[in-house]
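Open the model in your viewer and keep the selection panel at hand.

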Amino acid sequence: MRVLKLTPDKCTGCLRCELACAYMQTGEFQPAKSVIRVSPFEGHTSYAPYTCTQCAEGWCMTACPVGAITITAAGAKDVLDDKCVGCKLCTIACPYGTMFYDPDTRKAFKCNLCGGAPACADACPTAAITYEEVATADWIGDFAHERAARVLAAR
Amino acid sequence: MPALRTSTPSRAKHPASAAAPRPGGYAGKLLRVNLTTGKIWSEPWSPEDMRELIGGVGLGARILYREVPAHVHWDHPENRLVLATGPLAGLPVWGTGGLTVVTRGAGTDGPTSTQANGFFGANLKYSGYDAIIVQGVSRKWVYLHIHDDVVELRDASHLLGKDTWQTQDLLSAEYGLSGHQLSVYSIGPAGEHLVRFAAIQGDYGHVASKNGCGAVMGKKKLKAVAIVRGTHGLAAADPRGLVQAADDIAHDLQTDPTARSLYEYGTLPGVVNLHKLGMLPIKNYTTNVSPVDLGPWEARRLREGFDHRGHQCNACGMHHCHMQVIRSGPHTGTLVDEPEYEGWSGAGWTIGATDPQAVSWLNTELDRAGLDVNEFGWLCGWVMECVEKGYITRAQLGFDLRWGDVEGARKLVDLIVHRRGLGAVLAEGVKRAAAKLGPPARDCAVYTLKGAVPRGHDHRARWHEMLDTITSGTSTLETGNPVHPTEVGVPARVDPFDGVAVAKMVAGLRGRLGFEDSLGICIFTTRTRLENLCRALGAATGWYYTVDEAIRFGRRTGAILRACSLRCGITPATEYPSTRYASIPVDGPAKGQSIVEQWEKMLDTWYAEVGYDRKTGKPLPATCKALGAEWLAKELWGRSR
């Protein structure tokens, strides 16, 4: 299965992925509704994109009481809008914080790999996000750990 | 201070015109702030005004013309501080965080249009506003907080005396936000103490620096504008068309020979390339030949000389803006913003400093203090030359200041921003300080008679920029550098020392920069054919926008700023360079070239070509009419004409 491979060392924090994602997901340029989020580290000096890893466990699916989360042809867990009742259980169940709730539509929403052509990977100017046939891994753990250690050491 | 909430107009109160729906790309509202009364309100602007003014400097020029009459000097409460973005800000074209500051500036007491990037434009528009228009003077120091529909003036007493980076650090900590979730554009100690070349700095290294806009903000007792990344969406009329135009622009930037070095290294290649042309100003225009090997100043080595971290602006794919860490010297380990060419020049070559590590550190110190790096360079270089020649003594300064002394230059920054000792004179800017000291010191100073200074080049080898700086309605570049000149019928190359040809080129290129500076996008990501920019604007807004309309728009904006400038008392009599600014280079590639001999002829040609009256400086009635501003002709020349 192709997955979104994240290489945070390459990220410059331009947030172009958020813009592209929001457009694909909502039709508007509204990063607040993006399902990929760029997190800053060490204040304003380094950045890492982060989104659903489409994890094998699929806690969101397990938690959903109405069966609104399904697996698409691209292998993504996706929310079926007509079934979702907006109970937010999935946002609590997800251990990665990549399930979101939209108060405007009263539905949960998440990365669905844009049906197999992720806009974020296409938009990233530095190849910090690529869509590849690789095993899912913890892309940002070491990156975050190294930076957190530096911040703590500086205190 | 009581917090104030905006009365965001409901749809019922301000129904959208049925005939003309709001063009895409716009947030649709202007945010007004009166610091005297504490009143904050938002007002819609019409689709017709959007088409006529676009945003940025176009919008700012209109507000300045209508709301800042002759008696409202830069420090008058009624002066307006316009912080504007444009229709492309927040959209996926590269570099769309644009901020244009328009005000009556402290440097020349005339109009200003000065740009910065970062995330200002994006964050403001996601909050629902296209521009902020500030008027009045606050009783106490405040900062403006914007988070979607919640807009408040908040007490800024704890931020007083803090530099611009500290201000953003403190507010980020208070808000619990970091990265680009919070944009803070603030003044440093320089703006607080009304230094005439104080700047507005934001998002760690993005500076709107010209004509003392920071002093205007300081006079209003507005320390900062803090914008939480808003949650509103922006719609484009033709999103696919917009993405296609953005891709074409990006392709141009990556592959066009005139833009590619910018894409790869930003403005770093400027140092070595401009030195080859005699345009790198060294030691306050006393030489154009580097005393050191320029190998370490090649762009690649300059960048590799530091530990780098990407620090791009909104949606930008350029390899331009970076943070860097100082590797050697007394400031090893310090995090700084990679200088632009202007920084390498102003904080470096102009003052005779040639160690990149030291220059980079000083450049960020200037950003943090909130000073314009250009004017500081001309001022500090001039002081160093005066010290060398004995026109300024060590006793006057309180310390020794020799060529290349970066630590000494930092001490000078302190004198200036706190107006201590000689700093009180220097804080008035190059022209006023030179006038105060008088000859022979005065004749070593680089400035324009309007009271402005050039950017970081030696214009004695770059005549088009000297003519542009001096004739501009904004005290700094109004026409800018040739970008695809043949697209607007200007020859690809002209003899750089043929005054008439240069003047025709400057006149012929007018309009493009005003258009770019109205879009809410970075000047470096617009280095593509105008046709592509018009396509992007058209796709965003839904307008059919042509290159002709873009040029006409830019020139109309220039004519309005020219009218503002004349109203401020800035007449053609001030359109001259200072003695040193117009002197003859003694060495380097431009040795012996004399612009001053051709100056009158250049002015005559420029005036004839742009259609302004040579005597009064006013745009001629026919010119106004051709630019679609008959109203301006009537106001400038009376109804009988």
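What is the mean pLDDT of chain A, and what percentage of its residues reach 70 or more? The mean is 93, and 100% of the residues of chain A reach 70 or more; pLDDT is the predictor's confidence in each residue, from 0 to 100. This is a predicted model, in which local features need pLDDT of at least 70 and side-chain atom pairs count only at pLDDT 80 or more, while totals for chains, interfaces and linings use all residues. Residues are numbered from 1 along each chain as its sequence is written, and chains are lettered from A and ligands numbered from 1 in the order in which they are written.

Stay on chain A and colour by pLDDT. Select helix α5(A), residues 141–154, which has the lowest mean pLDDT among the elements of chain A, 87. Then select helix α3(A), residues 89–93, which has the highest, 97. Helices (H or I, at least four residues) and strands (E, at least two) are DSSP runs, numbered from the N terminus.

Next, select the contact between the two chains. Chain A contributes 23 residues to this contact and chain B 26; two residues are in contact if their C-beta atoms, placed from the backbone, lie within 7 Å. On the chain B side there are 13 nonpolar, twelve polar and one charged residues. Here Ala, Val, Leu, Ile, Met, Phe, Trp, Tyr, Cys and Pro count as nonpolar, Asp, Glu, Lys and Arg as charged, and the others, Gly among them, as polar.

Now colour chain B by domain: domain 1 is 29–228, domain 2 is 260–444 and domain 3 is 460–526 + 546–637. These bounds come from an automatic or database domain assignment. In chain B, 32 residues of domain 1 are in contact with 25 residues of domain 2. On the domain 1 side, α4(B) (164–175) and α5(B) (189–192) each supply at least two residues. The largest share of that side, three residues, comes from α5(B).

Finish on strand β9(B), residues 182–186. Five of its five residues are buried, so β9(B) is largely enclosed by the rest of the structure. A residue is buried if 20 or more other C-beta atoms lie within 10 Å of its own, exposed if 12 or fewer, and partly exposed in between, with C-beta atoms placed from the backbone. B:L182, B:V184 and B:S186 are on one side, B:S183 and B:Y185 on the other.
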